[in-house]
Amino acid sequence: MKRPNILILYTDQQRWDALGANGNDEISSPNLDALAAGGTNFSHHFVQNPVCMPSRVSMLSSQYPSTLRITHMGVPVPEELITLPRLLKQYGYRTAHIGKLHFLPHANRDHRLPHPSYGFDVLEIADEPGVYEDPYRAWVRRQAPAQMDGISAGLPPNTSVWQRAMGIEDDIAHRGEPAGRHDFKGAIPFAADEHLTHSAFVGERTIDFIERSGDEPFLCIAGFYSPHAPWIAPQKYLDQYDVNELSLPKYPPDIDRRRPADPAALCSDDQLRSAKQGYYAMISEVDHYVGRILDALAATGKRDETIIVFTSDHGEWLGDHLRFGKGYPADDAVSRVPLIISAPGIRAGKEYAGIIEAVDIVPTLLELAAIQTPSFMQGESLAGLINGAGGQHKGDALTEAHGWKSLRTPQFQYLIHNDGRENLWDLQADPGAYHDVAQSGQYQNALAECRQLLLTRLLTMERPHLRTWTY
């Protein structure tokens, strides 16, 4: 048998409901909606950590962050860690990663130096748009050197610290210093030509890899930075949205009263709508390049022999809870993300509403490629759900970081801290998770059940070293 190609379309910070296929009638995502209509759409898919680095390595290794001992940002992924590309290489796959990988801290290193391969044959890593001397900058400089000052999303603060300490002087301008990288105020037009964005880079280089691939099967991960803040997109994508027509978050009255009257302030009506415009525009731009990638795949004759995955590393509050960004306490806005899987020979247009986790993706791909799943992996294959064979899957999802763990069941989000504090949210009565009911007498049975579920989950997660013989 010829093993299938695998194409993973991986965005950054895309919440589960920022997709037309997931019921959002404000956003324009026709290519992703068509992908969902032609495959399986998992509407309750949860990541195992609500920030970039731990989530990404957890997904690609099918291990929980606590098992990897990578539960927060800034921990370099060990070069010898076995992840999907390293496994697939043993079966004749040619592997590539284009765009954002984020297996290393990026604010304190020289991006001109070779990156550890992590099992990939081709690496064109650009973890941030225009911030570093990396493949994205080189790609723009080759095409339009006069426009280099228009591509940076803004320096992360620690990058400025490291560059000053090392005596490095950058030769391009960075927007909005020093807060440009953490700008949540609203939509920002891309300052260079629209074909020079980071999303364009990821799209074009992914297409090039696909077109150059030969007869051997390939794995290609297209790592889009969008829709991560700051919300910068070409004007034509911003123009797809009438900012005055965009909806506002549904706040409980006590939260709504805390919002500022100043139209320029965070969480004012004007700012919330502008942020949503920019966020949606970035997704629409990604959607455009997804369409181009899929067209290129079809033109090479490989579409019908390729497994296609679309997902994200975590979500974005986008004003929910009067917050922007991601992280603790891992409510649905930041832990629940899209997952679409399209594969050769599977039934189209299926939606699965049960709870699944990002650690389930790699075992699924391995089973669909007729490759055994290593015993150290902690996810469960979704192949039976995709191909119609059925089967019962897990009933809860774990999201964790240093000092706390969150369990998401169909009705509740349960949170426990390392000092013993507990929180409980009833998501049937309170979908936004605004009101903690852990101290309510009527929820004590539910609290105990969630506590037991978490303890059981922790026991089943254990992966002791395999013994070599009986004693």
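1. Buried means under 20% relative accessible area, exposed over 50%, and partly exposed in between, with a 1.4 Å probe and protein chains only. Strand E13 (residues 412-417) is mostly covered on this scale, with 5 of its 6 residues buried. Strands (E, at least two residues) and helices (H or I, at least four) are DSSP runs numbered from the N terminus.

2. Basis of the note. This is a predicted model, in which local features need pLDDT of at least 70 and side-chain atom pairs count only at pLDDT 80 or more, while totals for chains, interfaces and linings use all residues. Residues are numbered from 1 along each chain as its sequence is written, and side-chain values use heavy atoms, with hydrogens and water left out.

3. The sheet that holds E13. An open sheet is formed by 4 strands in the order E11-E12-E13-E14, with antiparallel pairing; two strands pair if DSSP finds at least two bridges between them. Strand E11 (397-401) and E14 stand at the edges with a single partner strand each, so one side of each has no neighbour in the sheet. On average, neighbouring strands of this sheet are turned by 15° against each other, direction ignored. Axes here are lines fitted to C-alpha atoms, for helices over the stretch in contact, and angles run from 0 to 180 degrees between N-to-C directions.

4. Helix on that sheet. Helix H14 (residues 444-461) packs on the sheet and touches E11, E12, E13 and E14, where contact means heavy atoms within 4.5 Å. The direction of H14 makes about 70° with that of E13.

5. E12 with E13. Strand E12 (residues 404-408) pairs with E13 in the antiparallel sense over 5 bridges, and the two form a hairpin with 3 residues between them. Tryptophan 404 stands opposite histidine 417 in E13, and lysine 405 has isoleucine 416 of E13 as its bridge partner.

6. E13 with E14. E13 and strand E14 (residues 422-426) run antiparallel and are joined by 5 bridges. Tyrosine 414 stands opposite leucine 424 in E14. The hairpin of E13 and E14 has 4 residues between the strands, and glycine 420 takes a positive phi near 95° there.

7. The sheet of 8 strands. This open sheet has mixed pairing and the order E4-E3-E6-E1-E8-E9-E2-E10. Its edge strands are E4 (122-125) and E10 (350-357), each pairing on one side only. Neighbouring strands are turned by 15° against each other on average, direction ignored. Within the sheet, strand E1 (residues 5-11) pairs with strand E6 (residues 218-223) in the parallel sense over 5 bridges, and isoleucine 8 stands opposite isoleucine 221 in E6.

8. H1 against H10. The axes of helix H1 (residues 30-37) and helix H10 (residues 269-299) come within 7 Å and cross at roughly 55°. H1 and H10 are therefore oblique to each other; angles under 35 degrees count as roughly parallel, over 145 as roughly antiparallel, 65 to 115 as roughly perpendicular and the rest as oblique. Pro30, Asn31, Leu32 and Leu35 of H1 make the contact with Asp287, His288, Val290, Gly291 and Leu294 of H10. The contact residues divide into 5 nonpolar, 3 polar and 1 charged, where Ala, Val, Leu, Ile, Met, Phe, Trp, Tyr, Cys and Pro count as nonpolar, Asp, Glu, Lys and Arg as charged, and the others, Gly among them, as polar.

9. Cysteines. The structure holds 0 disulfides, a disulfide being a pair of cysteine sulfur atoms within 2.5 Å. For cysteine 52, the nearest cysteine sulfur is that of cysteine 220, 20 Å away. Cysteine 52 counts as buried at 2% relative accessibility, and cysteine 267 counts as buried at 4%.
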